[in-house]
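Trainee: I am new to this protein and would like to learn how to read its features. Could you walk me through them?

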Amino acid sequence: MPALDHREAQPSTSRRRRQEPSSPGRSTQYQPTRRQSWAGKSPKEILARYTPGKASPEKVLEVLIELFNTLHTSLEKTVSHKTRHERAHFLRRFFRDLRLKAGFKTMPDPRNLGQKHIRAMAQVWKQDHLAPATIQTYLSFLRGLGMWMGKHGFVRSPAYYGLVVDEYQRHEYAQRDKSWSAQGIDIDALINDVCAFDCHVGASLRLIRAFGLRRKEAIQFRPFEHVVPFAETGLPPDDTAADRYVRVKGKGGRVRWLPLDSPARVAAVAFAQDQASSRDAHMGDPTRDLKRNLRRFDYVMEKFGITLRERGATGHGLRHEVLMDTYTGLTGALPPVRGGGPVDPEVDIAARRTVSALAGHARIRASGAYLGAVLPKLRGQPATKRGAPTARSPGDEESPVP
């Protein structure tokens, strides 16, 4: 696994991609590496070589994937290998299923894709009882395809394709408490058992417990390289919360700095350093690549019964645990998903902003996926005393969390 660079590019004023008439995809600096025969040609010129009705639809689709699949549909950045694989796999299957499942006699050229095709496949997905989140993802992939071809806004809302709200709407807010404690799991005892069985997975769990990391973030964490003095973080001096910080690179390449401001966090990093095979090692087993380490993590969770089927919880539930505890420390109240009542709006928003930042999300509303929906303030209810409560690190009742 390659080392992560400590240097970060200066953020631009906007990450939204600027549309260019000459290209149905991206600006040139984000274009993927092309075939030698495509050198100097725009996507429009390349696609013009494949005449609709003469070139095979499969070939045109592969050209589109090769030209654009590495790139985000709306932001000036590339997407992960996982997204590339899933999007390409879906698009190939989508066009096959138009003939195999939706009843069309022939596969259409992607450039001739019409609303009738999407509507027919939406009914197939409905009959297959696909989850709302899956349908939303599929429509998102098709929106990307439309943008590749210069058809912005081509894919409509799910309702346009005959999917009623209850059938397609994604729930942005947590509907139930997914934390480990809610399922009656003795967190510290289980983590100790995992450490005895697999020190690498155990160290990752300790990091998740202390910092609220994602599974992948914990596995990729380098306990020596990613711990730096505050002066190296680039954060404003007024934001100093500890002498040392850990660097976490999350989804979309977003970097966040988390202070080593509690005994629980310091102990988690110290344990990780003890398990590391070298000073540049990550927390995965050095004999495995990232994909196999992720599988190993899932295997260990299953072995210890941390599955929805057995205990109603997953490894990700430990992250939920930390983020909900942080909210409680900041507001003095349980989050809505745990049955907490209304909180003063200003205090609630500030706490949700902190939770989102701790989790590595750019939007405040992302906190709802862990905490639950915002509750209306009750009339006559006194506001929570502002500034009194501060976030607590798991296992430490004295130190604040950013």
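**Rings, charges and cavities**

Mentor: Gladly! Keep in mind that this is a predicted model. Let's start with the rings: F90, F94, F95, W125, Y138 and F141 form one aromatic cluster.

Trainee: How many aromatic pairs does the structure hold?

Mentor: There are 11 aromatic pairs. Take F68 and W148: their ring centres are 5.9 Å apart and their planes meet at 25°, so this pair is stacked, since planes under 30 degrees apart count that way. The pair links distant parts of the chain, with F68 in helix 2 (residues 57-68) and W148 in helix 5, 80 residues apart.

Trainee: Are F68 and W148 buried or exposed?

Mentor: The cut-off for buried is under 20% relative accessible area. F68 has 0% relative accessibility, so it counts as buried. W148 has 2%, so W148 counts as buried too. For another arrangement, look at F90 and W125, an aromatic pair that is tilted, with 6.2 Å from centre to centre and 50° between the planes. That pair also links distant parts of the chain: F90 belongs to helix 3 (residues 81-100) and W125 to helix 4, 35 residues apart. Both F90 and W125 are buried.

Trainee: Which charged ends sit over rings?

Mentor: Among them is the charged end of K151, which sits over the ring of F154, 5.3 Å from its centre. Another is the charged end of R156, placed over the ring of Y160 at 4.6 Å from the ring centre.

Trainee: What should I notice about the phi of H129?

Mentor: Here is the general idea: most residues other than glycine have a negative phi. H129 has a positive value, near 55°. You will find H129 in the loop between helix 4 (115-127) and helix 5 (132-148). Its relative accessibility is 72%, so H129 counts as exposed, the cut-off being over 50%.

Trainee: And how many cavities of 30 Å³ or more are there?

Mentor: The count is 2. The largest cavity holds about 70 Å³ of space. Helix 8 (199-211) and helix 11 (290-303) each supply at least two residues of its lining, and the lining has 4 nonpolar, 4 polar and 4 charged residues. Residues including D198, H200, R288 and F297 line this cavity.

Trainee: What is the volume of the second largest cavity, and which residues line it?

Mentor: Its volume is about 50 Å³. The lining of the second largest cavity includes Y327, P336, D348 and R352, and by class it divides into 6 nonpolar, 1 polar and 2 charged residues.

Key:
Residues numbered from 1 in each chain as written. Predicted model: local features only at pLDDT ≥ 70, side-chain atom pairs only at ≥ 80, totals over all residues. Heavy atoms only, no water. 1 Å grid on protein atoms, 1.4 Å probe; cavity = no way out; pocket = protein on both sides within 12 Å on 5 of 7 lines; lining within 4 Å. Points joined across faces, edges and corners; volume = space filled by probe spheres on them. Helix = DSSP H or I, 4+ residues; strand = E, 2+ residues; numbered from the N terminus. Nonpolar A, V, L, I, M, F, W, Y, C, P; charged D, E, K, R; others polar. Buried < 20%, exposed > 50% of the residue type's maximum accessible area, 1.4 Å probe, protein only. Phe/Tyr/Trp six-rings, centres within 6.5 Å; stacked < 30°, edge-to-face > 60°. Lys NZ or Arg CZ within 6 Å of the ring centre and 35° of its normal.
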